[in-house]
Amino acid sequence: MENDFSATRRLILKGAGALTLIGLGIVPLDVTKALAAANDKYPEEAFKQKSDADVIKTLYGKTAEPSEKVKMDAPEIAENGAVVPVSVTTTLADVTSIAFLVSENPNVLIAKYNIPAGTLPSVANRIKMAKTSNVTVLVEAGGKLYSAAKEVKVTVGGCGG
C-alpha cells in the first residue's frame, strides 16, 4: 500500500512541476519534437555485434568511406580506460547520425546519436575502453556514410609503451 501512495505522489509532483514550468514559459508547449526523438527505436541488435563491419552493416547497411570532413579528437594515450574523452565534429551537410565504435571492446558499438535537422553536428563523449584499440566514428550525412579512426593506447598508471 505504501508503494502505491508513493508512486501516486511522485506522479502528482511531476505533473505539478511540469505545469509550473509551462506556466512560467520555461518549457514550450510544443514538445512534440523532443517526444519524437525520445521514441526513436533503440538499435538493440547493433549493440550486440562483435565487429566493426557487423555493427556498420546492422546500423546502416552500407560501407563507410574515410573523410577529411569528419574530425575526431581523442587522446593518443589514455591513462584511464574507464573515461576516455572522444569528440567528433564535421562540416558535412545533412548529418542524420553519429556513432562511436571501439574495435577491441566486448561490445563494439559504444553510442549512436540521431542528429535532428538544423542541429550542429558535434558530439562529445567519455567512453570506456577495455584495452588499446582503434576508435572509429561514423557520420551519416546526405544518405552516405563517412568515418574517421584513430588508435588510442590504454595504459595503467600513464606509462605508454
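In the predicted model, the largest nonpolar core comprises 24 residues, and those with the most contacts inside it are Val70, Val86, Val88, Ile98, Phe100, Val135 and Val139. At least two residues of this core are supplied by each of the strands β2 (70–73), β4, β5 (95–102), β7, β8 (133–141) and β9 (144–154). Another core, of 12 residues, lies apart from it; Phe47, Ile56, Leu138 and Leu145 are among its members.

The surroundings of Phe100 illustrate the packing. Beyond its neighbours within four places in sequence, Phe100 is in contact with Val86, Val88, Val108, Leu109, Ile110, Ala111, Tyr113, Val123, Asn125, Thr136 and Val137. Two of these partners, Val123 and Asn125, belong to strand β7 (residues 122–127), along which the side chains alternate. Strand β7 runs antiparallel to β4 (residues 84–90), and the two are joined by six bridges. Within β7, Ser122 stands opposite Thr89.

With regard to the chain as a whole, the secondary structure amounts to four helices and nine strands. The order of elements from the N terminus is α-α-α-α-β-β-β-β-β-β-β-β-β. Of the 161 residues, 31% count as buried. The chain exposes about 10,400 Å², of which 57% is supplied by carbon and sulfur atoms. Among contacts between residues at least 6 apart in sequence, 61% join residues at least 24 apart.

Terms used:
Residues are numbered from 1 along each chain as its sequence is written. This is a predicted model: local features need pLDDT of at least 70, side-chain atom pairs count only at pLDDT 80 or more; totals for chains, interfaces and linings use all residues. Side-chain values use heavy atoms; hydrogens and water are left out. Buried means under 20% relative accessible area, exposed over 50%, partly exposed in between (1.4 Å probe, protein chains only). Two strands pair if DSSP finds at least two bridges between them. A nonpolar core is a set of buried Ala, Val, Leu, Ile, Met, Phe, Trp, Tyr and Cys residues joined through side-chain atoms within 4.5 Å. Contact means heavy atoms within 4.5 Å. Accessible areas come from the Shrake-Rupley method with a 1.4 Å probe; for residues, only the protein chains shown count as cover.
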